[in-house]
Amino acid sequence: MSKRNIRIFDTTLRDGEQSPGASMNLAEKMEVAQALVDLGVDIIEAGFPIASPGDFEAVREIAQNIRGSVICGLARCNDADIDRAWEALQYSEAPRIHVFLATSAIHREFKLKMDQKEIIERAVRGVRRAAGYCSDIEFSPEDASRTEVDFLCEVIEAAIDAGATTVNIPDTVGYATPAHMAGVIRSLIERVPNIDKAVVSMHCHDDLGLAVANSLAGVEAGAGQVECTINGIGERAGNCSLEEVVMALRTRGDYYQADTKIHSKRLVPTSRLVSNITGLQVPRNKAVVGRNAFAHEAGIHQDGMLKERTTYEIMRPEDVGFAKTDLVLGKHSGRAALADRAKALGYHLSAEQVQHVFESFKVLADKKKEVYDGDIAALIDQQIHDVENAWSLVTYSVSATMGQVPSVTLTLQRSGEEVTETVSSGDGPVDAMFLAIEKITGITTVCRDFRVQAVTVGKDAQAEVNVELEHNDRLHRGRGVSTDSLEASALAFLNGVNRVAVHQGSPLHQASPANP
Ligand code: KIV
Ligand code: ZN
């Protein structure tokens, strides 16, 4: 029996980006979109065009430039949203408009103040308007899992009649359980007379840790599309994790009789890219892509593995993209070897970018004998994260003695102009550096998170610092990498402050409509 193909709809750039502090700039979104195409996702939800000019621009750029996947934009069921979504999507070779409207009693009564009849009319009008622009239309009854099943069937039938080609069933608040979700999907398939004219889709949130299980239950009951995000990032506890649902279907194809078109060897590189770009770290024990996902510690397991791998391993690490060995380059390696490694890691670098990365690689290789994949990724990510027209670190000197107030003299540069400040205050040298950066840039923030970790192994490993800075009720992240952890801290803080500056000066960030 041939396996059913399950479409993978990735919403990392829309629902995923709604994770606090995870917002991405245009260059970062383009990088992620290309990585999603390389991964083989069927549909990329690139954003919510009416939410902000920045969202609009990102969807338009992705629609214009990214080829190989359907490009989707989100819209509420109203003319302005749908028109704006089409304006952004119109240049895509394969555009999809995704319209949504809440259907549950709670949302009808308290949020929309509409009765069931009005909901159906609004949904039909929205789907019809979208279908006037393109043929690929998805409709989502928001909070479907808490909607009365009879009413859900009515709305779905009306939406398909109006032109919806995919009907998505969101568990918006992560309330469902697997048997519940399977029951909803089964009811729709049995009771909606025109259901064969649309693909049924799952969209599950992870508030109870059940997003993947609920999505799989929906697939088992007949759904043909799963909506998910890389590393499961998203609003609150996040969305269904792409890598987990894909590998569950592949590893247990015998049971589900279904598979996806995902190139599983790209899972780890894509996970790492999204983690580096968003600053949301992947837990070590995360299924499929966590650092420890294939680490066998117990002696009995190691013994079994040596005798026969399948005694304790259900997937091969290389099949999800873990490199067998990642010791790669040294100080005598050339530009071509670096470019080749960057490509294998999933980056698309221009000749100019390769040159920049190569220059930093040479400096690093002088300090560090062995340059690992993780080091190369960190160097490249540093470039991607760089904010244009921003302050850069020139130099600093620190004087710190235990129990005494530290002193820092630090120089930054912007547009060729250098500014130096000395600060003699703070809890320690890192705090004093942050204060000096704030003094020069004139931007004051509250540091909500500060994390240091080694990029690879060994005493000479590079330190990676991630910070989360709060400014005007918004979180901005910053990241810095160096063999010197003080320098990495200064770079991370400066990267965060530069992002605040871009946000402040940019007309792209105006009040956005309430996010779904
Ligand atoms: O969770 C949700 O209900 C959504 C919809 C917009 C599909 O994200
Ligand atoms: Zn959602």
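**View 1. Helix α1 passes helix α2 in a right-handed crossing.** This is a predicted model, and the close-up takes in α1 (residues 26-39) and α2 (residues 53-65). The two helices pack at an angle of about 40°, and their axes sit 10 Å apart. That angle makes α1 oblique to α2. On the α1 side, look for L26, K29, M30 and A33. Their partners in α2 are D55, E57, A58, E61, I62 and N65. Sorted by class, this contact has five nonpolar residues, one polar and four charged.

**View 2. Three side chains hold the zinc ion (ligand 2): D15, H203 and H205.** D15 coordinates through OD, while H203 and H205 each use NE2. The distances run from 2.0 to 2.2 Å. Written out along the sequence, the donor spacing is D-x187-H-x1-H. D15 and H205 bring together distant parts of the chain, 190 residues apart. You'll find D15 in the loop between β2 (7-10) and α1. H205 sits in the loop between β8 (199-204) and α8 (211-220). Are these two residues buried or exposed? D15 is buried, with a relative accessible area of 3%. H205 is buried too, at 4%.

**View 3. Helices α8 and α9 cross at roughly 45°.** The axis of α8 comes within 10 Å of the axis of α9 (residues 242-251). The two helices are therefore oblique to each other. As for handedness, α8 passes α9 in a right-handed crossing.

View 4. From α7 come P178, M181, A182 and I185. Facing them in α8 are A213, N214, A217 and G218.

**View 5. E313 is a buried loop residue.** Its loop runs between α12 (299-307) and β11 (327-329). E313 has a relative accessible area of 8%, so it counts as buried, the cut-off being under 20%. Which residues does E313 touch, once those up to four places away in sequence are set aside? The contacts are F294, H296 and M305.

**View 6. N231 has a positive phi although it is not a glycine.** The value is about 60°. To find N231, follow the loop between β9 (225-228) and α9. N231 counts as buried, with 12% relative accessibility.

**View 7. S415 is another non-glycine residue with a positive phi.** Here phi is about 45°. S415 lies in the loop between β14 (407-414) and β15 (417-423). Is S415 buried or exposed? The relative accessible area of S415 is 72%, so this serine is exposed, the cut-off being over 50%.

**View 8. I443 sits buried in the loop between α16 (429-441) and β16 (446-454).** The relative accessibility of I443 is 7%. What is I443 in contact with, leaving aside neighbours within four places in sequence? E438, H471, V497, V500, A501 and Q504 make up the list. For a sense of scale, compare I443 with A490, which is 47 residues apart from it along the chain. The C-alpha atoms of I443 and A490 are separated by 15 Å.

Methods. Residues numbered from 1 in each chain as written. Chains lettered and ligands numbered in written order. Predicted model: local features only at pLDDT ≥ 70, side-chain atom pairs only at ≥ 80, totals over all residues. Heavy atoms only, no water. Axes fitted to C-alpha atoms, helices over the stretch in contact; angles between N-to-C directions. Helix = DSSP H or I, 4+ residues; strand = E, 2+ residues; numbered from the N terminus. Parallel < 35°, antiparallel > 145°, perpendicular 65-115°, else oblique. Left-handed = near helix turned anticlockwise from the far one by under 90°. Contact = heavy atoms within 4.5 Å. Nonpolar A, V, L, I, M, F, W, Y, C, P; charged D, E, K, R; others polar. Donors = N, O, S within 2.8 Å, 3.2 Å for Na, K, Ca; no water. Buried < 20%, exposed > 50% of the residue type's maximum accessible area, 1.4 Å probe, protein only.
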